[in-house]
Every structure is written in C-alpha cells, then in structure tokens.
Amino acid sequence: METGRMHNRRQRQVLVFFVCLSMSWGSADLGPYSVVEETERGSFVANLAKDLELGLTEMATRAVRIISQGNKEHLQLNVQTGDLLLNEKLDREELCGPTEPCILHFQVLMQKPLEIFQAELRVKDINDHYPVFNEREIILKIPENSPTGTAFPLSNALDLDVGSNNIQNYTISPNFHFRVITHNRSDGRKYPELVLDKELDREEEPEISLTLTALDGGSPPRYGTTQVLIEVMDINDNAPQFQQLLYKVNIPENSPVASLVVTVSANDVDSGLYGKISYTFFQPSEDISKTLEVNPKTGEIRLRKQVDFETVLSYEVDVMATDGGGLSGKCTLLLQVVDVNDNPPKVTVSALTSPIPENTPEITVLAVFRIKDRDSGENGKTVCFIPDHLPFLLKPSVENFYILMTEGALDRERQAEYNITITVTDMGTPRLKTQHNITVLVSDVNDNAPAFTQTSYTLWVRENNSPALHIGTVSATDTDAGANAQVTYSLLPPPDPHLPLASLVSINPDNGHLFVLTSLDYEALQAFEFRVGAADRGSPALSSQALVRLLVEDANDNAPFVLYPLQNASAPCTELVPRAAEPGYLVTKVVAVDGDAGQNAWLSYQLLKATEPGLFGVWAHNGEVRTARLLSERDAPKQRLVVLVKDNGEPPLSASVTLHVLLVDGFSQPYLPPPEAEAAAAAPADPLTVYLVVALASVSSLFLFSVLVFVAARLCRRGGAGSAGRCPVPEGHFPGHLVDVSGTGTLSQSYQYEVCLTGGTVTNEFKFLKPILPTVQAQDPGRNSNENPTFRNSLGFNFQ
C-alpha cells in the first residue's frame, strides 16, 4: 500500500511539473526604480502599465496588484493610470539604517492569469541628519612627556546619513599643540585622531580646551561639535599593548545570555598605578552596548542578550585598555554570528477568494500564498502540503509561491466551510514546522425549496374576535443560505371562488403570522380552509404550500330571548288562576330561545321576584310556572312574578320576563286591569274626554254591577266554578315554529297551548288554556285531544 502511495505522489509531482511548464507565468524583473527619501506620499515612481506593456483596461482585467515585503505597504498602484505611486513618506535611515544602497524588494502580481514579476525600489539618501557626538565633552589625559606626532583617538560622531552625506572630515579649533587627522574604518566610517605637534608642558599649561567639529559631505554641509578637554599629566611613558590587534570570534545565534564570547588581554610594562589596566569598549554603538559587555578588570566579553543571525550577521567593536596613567591601547573584536535553525517557515497569503459558489467548476484558483524561511542554507529550504481528503489541490509556482485550487465538486448543504491546514516544514536539523489555516466559505446556490414544518395546520379562533387578531403561525424552513433561505409567505387563491378570503384573513409575509381581519360570527361561519404558500428569494425562486383549516369557536354572545309572553306587546298579558287550583297547577309556561350553541344555549329558569313568596314556583328546565300550594282568601288577587331566564355560558347571559297573575273565584269575578292600566287611567286628560269617560263609566258601572250581582247569586247557588280564563289577546294557537328549541328546556312543536281569550259582547265567552298533547294520549287514554268537550253553565258560558 505504501508503494501505491509513492507511485501516486510521483504521478502528481510529474503532473504539477508539466502544468507549471504549460503556464505562461514569467519571472522577469522590473526596474530598478528609485526615489529620494522624504518624498511626499502619492508621488510618481514609475508607470507599470508601460513597463509591463499592458493597456489600462488589461491592467484592471488581469487584477494587477503590488505585494510588498514585510507588513507595510510602501507603494500603491493606480489601476486607472497604471502609475506606481508612493503610499507613504520613506525614511531611508528607518528602512535600511547604515546599509547602502537601500533597496526595497516587492513583487507585481497579476492574478488572471497568474504572473509574478520581481522588482526593487532604491531609496536615495538626502542630507537630513546632523553629525552627533555621543559625548558632550571628551576628556583626555596626556602625559607631558608625550613625543610629538603621538596620536590620541577621539570619539567619532554619528551621522545617520550614508555615502557622501555621512561624515567626511573632522576639524579642531586652532591651537599651538594639536591637530586632528581623519581616518577610515574598515566599514567605511571615519573617526578622528588628535596628533601632538608641539610638546606639552604641564607647568606651563595644565589643561587645554578644544572644539572638535565633524563635517558631512552634504550640500550645504551639516556639522556637529563637542568639547575636548585635555589634562596634561605627569610622565607615564608606556601605554598598554594588546596581545593581538584583531580578535575574530564565531558564536551560534542560540547562545544563552551571559555566554563568554572572548577574553581580551593587554600588558603594560609600567608598574604601580601606571601599570594597572582597565578594559572598556571604545565608542560602542547602541546595538553593541545592548548586546555585549566587557569586564573592566579581566577583559572577559559576554553576551547581554541573545544574538539573531537573521537580524545582525556580525558585530565589530574596538576594545580599549587604559592604564592608571591615562595611556591606552586598542584592539578590534569581530564577532561573527553563526546561523541556527531557529526560525520556522512563514506563510503569507497574497490572494484569497472566499466565499466561492457551491457550483464552482474544478481547477478554480482559490488562494495564492508565499513561503519564507529567514534561516539560510538547508535551514531555509521548505516543503509544503495540505491534507489529502479535501477537494482542493496545491500547486507550486515561482519564487516560493504556491497556488490553491479546487479539485472536486462542492456542496454547501453538506459542508459550508473548509478549514484548510497548510503545513510547511524546513530541511534543517531539527526540522521546524508551521501550520497555517485558510478558511474557505462555500456560498449558496438556490437548489432547495422551502419546507413547511407541517403539511396542514388546524387553528381555532373564538367568535366576536377583535379585528387583526393573531391566530397562529405557519413556519417553513429552507436549507439554503442568505437570500435563498429568506422565506416569504403568501395566501393562495382559495378553491372556493365565493369565499372572500382576502377580507377574512391575512398573513405576514416575513414571519408567517396569520391574522383574522374581521370579527367572525359562529352563527354565520363555523369553519373554512385555505392554502398558504412559502417562496424563497432565490433566482429562480422555489416554493411550497400547506393547508390551513380555521375553526370558529362559539362564544356566549346571545342572551336568551323570551318568545312568550312577549314583553313588547301593547297590552300586558295577565294570567288568570282560580283560587281553587290545586298545588302544581300549570299557570303558564315561559318560552325562550338562545342563538348560541352547545352549553351556551342551555337555558335554566328561576323565579326572581314574587308578590307572595312560596305561592308559585318555576321549573328550572322547562319554564313552567305552577302553583306551589293551595290558594287562600288571604292571597292578594293580583300577583306579579319576575322570571329570570339564564343560559349556561361563561359568563352567563340572562333575560327576565314579568308575569301578571290574577286570582279569581270561579269565573264570576270580573277581569281586573293590571296595575299599569290603572296607572295609565290615572293620567290627566282633557276636559271633554273626562266628561265622556265619566258618562261611559257610569253607565258601564251600573250594568256591571247588575251583572255581578246576578252572577254572584248564581255562583253561590251552584257552589262550583269552572276553569278560569287566561289573557286578552286574539284567539288562536301560538305558532309552533316560534318555540321549536329542541333540547334547550323550552317548548317543542308537539307541545302547544291555546292561550288566548275571546273578549266581546255581554255573552263573555271565554276560552281557557287547554294543552294539546298528542304525545300524552298514551298516559291519559280517556281523553280525546282532537275533541273539545263543550260545557254550558246556567249562565250560558261555553268552556272549551
């Protein structure tokens, strides 16, 4: 199996080699370009379009861009003009320090197709820095017996400029004893030496103060000065001498702090104070002072911090040995830093395309990156690879550039994000490894329709709802992303064209909330169905639909309605009850209906008020008013009953009806008007009407009195009475269809009453309340309900 892997890997390497050969990417160099430091931002450097031989349109089409070394973008490219411009002011000293020439390397990258050009920008120095001495005052102790021509090294000044703008010459103020000579170091720097031209005499001049001036080669030249204070000392005729004038030392860059670099040694043949030597660095730079330290007694030079081969390759410093008499000798230390594999490879991504559509074809470039290792030799050589299970391919390009491209089909719903780990190892010992993660997002293509969480929904709403009431929510999900997953809801045309769906319900297109637009009435509409559609916002849009069934719940919004007795009649209804009635005698029946359904239409009856409590009772389920006990002479002849009819809803609704009952002894007692009629009679009238009423009342009273006397006599003689009459309304049966409320406790069509009394002339023919009970014939077979037996009393009244 391992042999097969090696074989596949070799095939891939051969394929990559031929693909690279077939590509037209070149490695031609551009430039070099040059610019003077401190040039303003946006200044013109060069025209890349001309150098690349590209038109302006082709510059934009090929996506030309600049890739700079490091983290700063020093240059910018104007794609519209093809001009290469400065992105910021450049400080040569900050960029390159003392290195000359100062060269900034950058690459010109063309992505479509990929082509990379190497280029460099040279930053020219200007004379923008003054020479500066590290010491404001240089103190020299010179023995008075120093021979003429003796040279004394002086501290050199520092100038950050380079070339001719650096320090070119040193001068000293005019005096009788000294002159200054300018010398060159191996690194090109210049330092002064003070030369004695005339012998000193301490007794004559113990101290000499001179001004040392450093001049650079700029135009105009800049200069810096320091004071040289010379103390003339007594004779010390032997200066320290080093065993060797140059110490060359190699040290690995991973050497720990305080490691011994070298031990320098100098000898002085003088004795006593003049033979005691101390070691110091002579004019050390700031970097030397931070990196090395010397023991002034032993001459041991050790590291103050770790050295880095990638930062500084070598260090050069002068070591001065000074005896107690002020004489000094000098040697040079050259420290070479040896490279160690201590830098892992670094991955820099130059171009990355993310997200990519899930239908992206194969061999599509996703990223371009570069690998750099700061080490040298084998330590700087690298190998790069990615995991094999990913649908991506890695191909090498020029100058350590690599290309990441697609190799297989992508599916966002299966995997929407790929974390690609780029692994880079160098060839050093031990090998160092770097892993860089690239996240590639797969963008969505609209290939999935929305799906409802349910195929059908059943919703309930209570009738008499408030308009725009939220009754429920339909929900659909789309496995796509972005606009392809944004679902919009809508109402579909109903299958019944007569159903005004648009005026009944509405849907929020964003969240699927359903609202009832109008107040629904259960008695008019109990249920209806409609379909809801869900469409995404892709192109083209995909959709699905679901069925919604809306059921209306009944509410107790209809109070009971009393059919009998009617309360809005012009004349109130009065029920006549004989005083001889037995307990349980049926006085009347309150008939009521309720427009609601279910328990909201279940009616119950109760006696709310009565003139004589305990005299009458009401059956709770059918509304029949019956006597509860025997009548007595003490019971008032006029009885007023208030019956409450209540449904079983929550909260319950009710209606009340007032019954007027007249207690009569047999049938001789005249009909007494109800209290309302008496009150109406008591109302004032105009005089003529009053006269007429008085006359008619007188005549009627005489007639009535005669009739009552005659009737009373006859009744007393017969000692019995028939059934009493009922109410003064037109004769006829109460219409059966008005009391047809099956199952609600009211009268049914088969249970009717003749409840009317025929009033007329002096014959006074009454028609009593007679139940017509076709369904009760089985209980009372002796009575024929189809025949109304006629009874006549001695006065000629007919009772039916």
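This is a predicted model: local features need pLDDT of at least 70, side-chain atom pairs count only at pLDDT 80 or more; totals for chains, interfaces and linings use all residues.

**Exercise 1. The disulfide**

How many disulfides does the structure hold?

- Step 1: count. The structure holds one disulfide.
- Step 2: name the partners. Cys96 is joined to Cys102, with an S to S distance of 1.9 Å. That passes the test, because a disulfide needs the two sulfur atoms within 2.5 Å.
- Step 3: check the handedness. The angle about the S-S bond is 65 degrees, and the link of Cys96 and Cys102 is right-handed.
- Step 4: check the burial. The cut-off for buried is under 20% relative accessible area. Cys96 comes in at 17%, so Cys96 is buried. Cys102 is buried too, at 1%.

**Exercise 2. Cis peptide bonds**

Which residues are joined by a cis peptide bond, and where do the prolines sit?

Solution. 
- Step 1: take Glu100 and Pro101. A cis peptide bond joins them, with omega at about 0 degrees. Pro101 is in the loop that runs between α4 (92–96) and β6 (102–111).
- Step 2: move on to Ser539 and Pro540. Their peptide bond is cis as well, again with omega at about 0 degrees. Look for Pro540 in the loop between β39 (527–536) and β40 (543–553).

**Exercise 3. Positive phi without glycine**

What is the phi of Ala258, and what is the phi of Gln283?

Solution. 
- Step 1: start with Ala258. Its phi is positive, about 80 degrees, although Ala258 is not a glycine. You'll find Ala258 in the loop between β16 (246–252) and β17 (260–263). At 41% relative accessibility, Ala258 is partly exposed.
- Step 2: now Gln283. Phi is positive here too, near 55 degrees. The residue lies in the loop between β19 (278–282) and α5 (286–291). With 17% relative accessibility, Gln283 counts as buried.

**Exercise 4. Salt bridges**

How many salt bridges does the structure hold?

Solution. 
- Step 1: get the total. There are 20 salt bridges in the structure.
- Step 2: pair up Arg92. Its partner is Asp125, and the closest N and O atoms are 3.1 Å apart. This pair ties together distant parts of the chain, 33 residues apart: Arg92 is in helix α4, while Asp125 is in the loop between β7 (114–124) and β8 (137–143). Both ends are buried: Arg92 has 0% relative accessibility and Asp125 has 15%.
- Step 3: widen the view. Arg92, Glu93, Glu100 and Asp125 are linked in a network of salt bridges.
- Step 4: pair up Arg122. It bridges to Glu120, with the closest N and O atoms 3.4 Å apart. Arg122 is partly exposed at 37%, whereas Glu120 is buried at 18%.
- Step 5: finish with Glu293. Its partner is Arg304, with 3.8 Å between the closest N and O atoms. Glu293 is in strand β20 and Arg304 in the loop between β21 (300–303) and β22 (314–322), eleven residues apart. Glu293, at 38%, is partly exposed, and so is Arg304, at 46%.

**Exercise 5. A charged patch**

Which residues form a negative surface patch?

Solution. 
- Step 1: list the members. They are Asp201, Glu203, Glu204, Glu205 and Asp234.
- Step 2: Asp201 is in the loop between β12 (190–196) and β13 (207–216), and with 32% relative accessible area Asp201 is partly exposed.

Technical notes. Residues are numbered from 1 along each chain as its sequence is written. Side-chain values use heavy atoms; hydrogens and water are left out. Buried means under 20% relative accessible area, exposed over 50%, partly exposed in between (1.4 Å probe, protein chains only). Patches are made of residues with over 30% relative accessible area and no salt bridge: like charges are joined within 9 Å, nonpolar side chains (Val, Leu, Ile, Met, Phe, Trp, Tyr) within 5 Å. Accessible areas come from the Shrake-Rupley method with a 1.4 Å probe; for residues, only the protein chains shown count as cover. A salt bridge is a side-chain nitrogen of Lys or Arg within 4 Å of a carboxyl oxygen of Asp or Glu. Lys and Arg count as positive and Asp and Glu as negative; His and the chain ends are not counted. The place of a charge is taken as NZ of Lys, CZ of Arg, CG of Asp or CD of Glu. Helices (H or I, at least four residues) and strands (E, at least two) are DSSP runs, numbered from the N terminus.
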